[in-house]
Amino acid sequence: MELLFDLAEDELQIFLAEADEHLQTLDEGLVRLEREGEDAELLQAIFRAAHTLKGSAAMIGHKRMTDLTHALENVLDGLRKNSLAISTPLVDVCLESLDVIKILRNEVAEDALSSLDVDPLMARLLALGEGLAASASVPVTQPPPPVAQTISRNRKKNGKPPHQVELKTKGGKRLRLAAALADRGAIAISVDIASNSAASAARAFQILLALQALGKVCDFDPPQAVIETAAPVNHIKARVVTSKSKDEISKALLNISEIDSLTIEGETIPIAKFVYAPTPHSAAPKNGNAEHARVPLVEKTVRTSIGRLDNLMNLVGELITDRNRLFQARTDFERRFCGDGQVDNLAQTIVHVGRITDQLQEEVMRIRMLPIANVFNKFPRLVRDLSRKADKQVELVIKGEGTELDRSVIEVIDDPLIHLIRNSVDHGIEPLAARVAAGKPERGTITLTARHEEGRIIITVEDDGRGIDVERVKAGAVQKNLIGEDDAVKLSPEEAVELIFLAGLSTANKVSDVSGRGVGMDIVRTNIERLNGNVTVETWSGRGTRFQIVLPLTLAIIQSLLVEVGRGTFAIPLATVMEILRIPLSAIRTVRGKPVIKVRDHILPLAGLSQAFGFTNGKASGATHVQVVAVKWGKLEVGLMVDELLGNQEVVIKPLGVLMGETPGVSGAAILGDGRVALIVDVPSLFKMIGAQ
Amino acid sequence: MAKILIVDDAEFLRVRISKMLADGNHQVIEADNGVKAVKMYQSNRPDAVLMDITMPEMDGLTALKKICLFDPNARVVMLTALGQESVVLEAIRSGAKDFVVKPFHPERVMEAITKALA
């Protein structure tokens, strides 16, 4: 299949991966440059990124990308050489070009041209580059560099330039001999250098060196000093005294590329054109080797596909399930054949396999982990753009960007974070005047942090803005019939603020074109819950707002608490379990018709897991006590009453499959060690079911 | 059949060039910056080097000089971009045998390598 650009299938991924790296370097670098000012090393890195990107774009024949990147490179070169100064308008244009280059990059990925016209942007970039060119020194002419060794052969002892020869006569008088006399026996050589040579001066220099190696150069035009200015040279006239034959001279000179014509002593030497005959790729492999002889760079890292990692994860998951079964089998065997030597052997092996499985799981998880910096690094640019549009001054502080998460989580987490940051800039941070009036620093601050905590990741997005107006939120929810007025009145401030997660709520007076109608919050919550995570909010009037997102370290495998309810076994994600209690039935009180229990200093509402799922009550009567598992989600905590606790187990989450579809209260299933199936409790969904009862 | 060292920080270009060289039945080794280039030259003694100019850690011109110091007969061909005339000049002066300008065609690369190896 013919691709639009000169790019083979196997080269496409490499091209895109490197292009994306360079674009990211440029993006981050420009924002940093604007904030922190001149930094020679940073400028060099950004310049190199643009330069290399241009080179690759040129190699695949993408003219618009090449031209645009080249124009950007020139601006960066100007910054690098201090002929241009960093300014916000300059950074604006540069960032805009990056956005356009990204679109052009997508053309390569999709093998389809877009209708994008890059000319207006090119013009602006060129204007930037020329803007201060007048103050820069004339670019091409440079002072002649220090004399190199090869030139010394050209110079006579008295230091006079080569085309003038001096001889000392007996009387010490220096005679200047006519050039013709000195040239007796010299061979006249004339060379035309290709007019489209990118560095014809270098070719001229090569010719000079070649002639010097052949004999004595008594005449060379243009003179070396002119060549060393690197200005274009089209034509060389030289005279050289040598004992070499014409053949040897022409062979030496024609070894230099980009020579259009060569004349020696008036005779035009034919120039054989280099013939390039690539072997067709279907030709028989050389040396019996199917692959051509490329030995790739010995790298300290390995690139692999995400699909492979997913496969690996699945296989490890299967292994864990089998490990659980083996453990169960071992227990059974040991019970039945106590003391049998072979069983002991088997038991030991099973324990060992279990250990190895654990380690394998850890390693695979680590391979799949990426630092959250991969997500965070796009945000400085985002905050810059948003705050400019909103005409506010906002600074982004990032902490814990080295915290690692599973790839699958990283892929999904940036959308919710973008929403939260947008809201902070648009609604949280006050305009300059308001901040000053409130005695706050002119610049609003958004702090983004990430950290690990007991098998979970905690991400917070916090701003020092005006906080969420809880009363307005309540009023808005009531007005939109999302909550009854009496219920609204009864809500505590912490509960009321959670209303922002309701679909259909927006307290923005008008639609802001950056963040839309504020329909984001319910989607933010849904998306995070889909990851088995949760999001909560705290706000302080006039001081700021903090969102906290909790995510599991990995999506596929969880630690769970197994419980029995009626005839069913359920797995409750251990991360949601706060504590386990065994309480006497007599201690259960009723509040507003719902059972509760007093635990230390707070009230814990109770719910029977059986009833929550609508099972007919299978609990044996006559029991005096009941097992309660206190489960927490966000700010809500509920004590789930179960029949029996079966212990902890690490299980692999298996989706229920399309036939079952979305089942309220259940997020998946797991195969236990004894072969039974346990349903995994979807805690937020379960809480909703309980609340509705 | 010669051993050729390709030095360029863009993997994409290294892949491209090595394909071109494979047609000439050459063996290819790679480095992605000047520091590694010098090390690889010393330990592998390639027959020729294709050296990019703009690279992190150490640029091509500096690497060229170090290699020529180590081996005055080194056959290095510079890979340059437009607008690097003075650097190319300096490179030729410092011992580079030839240069090819990006974006380059396979013919130009093969021509440069063939001439360098002659």
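This is a predicted model: local features need pLDDT of at least 70, side-chain atom pairs count only at pLDDT 80 or more; totals for chains, interfaces and linings use all residues.
Between chain B and chain A, the count is six salt bridges, a salt bridge being a side-chain nitrogen of Lys or Arg within 4 Å of a carboxyl oxygen of Asp or Glu. In one of these, the side chains of A:Glu11 and B:Arg16 meet at 2.8 Å, N to O.

Residues are numbered from 1 along each chain as its sequence is written, chains are lettered from A and ligands numbered from 1 in the order in which they are written, and side-chain values use heavy atoms, leaving out hydrogens and water.

Let me turn to the interface as a whole. In contact (heavy atoms within 4.5 Å) are 45 residues of chain B and 50 residues of chain A. The buried area is about 4,500 Å², with 59% given by carbon and sulfur atoms; this is the accessible area (1.4 Å probe) that two parts lose on being put together, summed over both. Of the area that chain B buries against chain A, B:Phe12, B:Leu89 and B:Arg93 supply 17%, more than any other three residues.

Finally, the sheet of chain B. Five strands form an open sheet in the order E2-E1-E3-E4-E5, with parallel pairing; strands (E, at least two residues) are DSSP runs, numbered from the N terminus, and two strands pair if DSSP finds at least two bridges between them. At the edges stand E2 and E5 of chain B, each pairing on one side only. Strand E1 (residues 3-7) of chain B pairs with E2(B) over five bridges, and B:Ile4 has B:Val28 as its bridge partner in E2(B).

Note on methods:
Helices (H or I, at least four residues) and strands (E, at least two) are DSSP runs, numbered from the N terminus.
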